[in-house]
Amino acid sequence: MKTFKIISEKIIFNNFYSLKAIRYSNALTECAHKSPGFISSTSYFSEKVDSSQKDNIKIITISDWENKDSWDKWINSPERRRISKEFQNIKKKEKFNRLFTKNVNDIFLM
């Protein structure tokens with residue numbers, strides 16, 4: 001079964017909000033678990049390799065969904081909007097992208 005993968009990047013204003021950022025990520029994950037079509041997710045903190053960049057925290061979550069419709073229903077759900085609004089004061093930016101598997105044998109034909 002081919003799943004629908006989403007990578008979510010949440011950029012938090014600064015380290016002062018790190019505990020709230022964890023609570024935000026956990027609240028979203030708990031709620032997503034109850035959503036039809038949700039399969040699993042894994043979250044990561046991204047640490048800057050360049051120490052001259054300061055303050056922003058990035059949480060990256062990769063989630064698996066049964067299909068695009070399940071993802072669309074979750075991202076637009078009242079529950080998710082409520083959680084997002086509750087933590088809006090800590091977020092600098094949030095974006096979502098679909099992930100695809102790169103197949104080495106794929107050949108572009110003209």
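I22 sits in helix α1, which spans residues 18-33; helices here are DSSP runs of H or I with at least four residues, strands are runs of E with at least two, and both are numbered from the N terminus. This is a predicted model, in which local features need pLDDT of at least 70 and side-chain atom pairs count only at pLDDT 80 or more, while totals for chains, interfaces and linings use all residues. Residues are numbered from 1 along each chain as its sequence is written, and side-chain values use heavy atoms, with hydrogens and water left out.

I22 has a relative accessible area of 35%, so it counts as partly exposed; buried means under 20%, exposed over 50%, and partly exposed in between, with a 1.4 Å probe and protein chains only. Together with L19 and F45, I22 makes a nonpolar surface patch of about 290 Å². Such patches are made of residues with over 30% relative accessible area and no salt bridge, with nonpolar side chains (Val, Leu, Ile, Met, Phe, Trp, Tyr) joined within 5 Å and like charges within 9 Å. A salt bridge here is a side-chain nitrogen of Lys or Arg within 4 Å of a carboxyl oxygen of Asp or Glu.

## The chain as a whole

Let's step back to the overall layout. The chain has 3 helices and 4 strands, and they follow the pattern β-α-β-β-α-α-β along the sequence. Of its 110 residues, 33% count as buried. The chain exposes about 8,000 Å², with carbon and sulfur atoms supplying 53% of it; these areas come from the Shrake-Rupley method with a 1.4 Å probe, and for residues only the protein chains shown count as cover.

Among contacts (heavy atoms within 4.5 Å) between residues at least 6 apart in sequence, 76% join residues at least 24 apart.

I6 lies in strand β1, residues 4-12, and counts as buried because its relative accessibility is 4%. I6 and L99 are 93 residues apart in sequence, yet their C-alpha atoms are 5.7 Å apart in space. Leaving aside residues up to four places away in sequence, I6 touches several residues, including W65, W71 and F96.

K68 belongs to helix α2 and is partly exposed, with a relative accessible area of 47%.

R80 is found in helix α3, residues 78-86, and is buried, at a relative accessible area of 6%. Beyond residues up to four places away in sequence, R80 touches Y24, L28, W74, I75, E94 and F96.

The buried residues of α3 are R80, I83 and S84. They lie on the same side of α3 because they cover an arc of only 100° around the axis, taken from the directions from the helix axis to the C-beta atoms. These buried residues pack against α1, α2 (68-75) and β4 (91-99). On the other side of α3, P78, K85 and E86 are exposed.

## Aromatic pairs

The structure holds 5 aromatic pairs. Rings of Phe, Tyr and Trp (its six-membered ring) pair if their centres lie within 6.5 Å; planes under 30 degrees apart count as stacked, over 60 as edge-to-face and the rest as tilted. Y24 and F87 form a tilted pair, 5.2 Å centre to centre with 35° between the planes. This pair links Y24 in helix α1 to F87 in the loop between α3 and β4, 63 residues apart. Both Y24 and F87 are buried.

W65 and W74 form a stacked pair, at 6.3 Å centre to centre and 20° between the planes, and both are buried. Ring pairs also link F38, W65, W71, W74 and F96 into a cluster.
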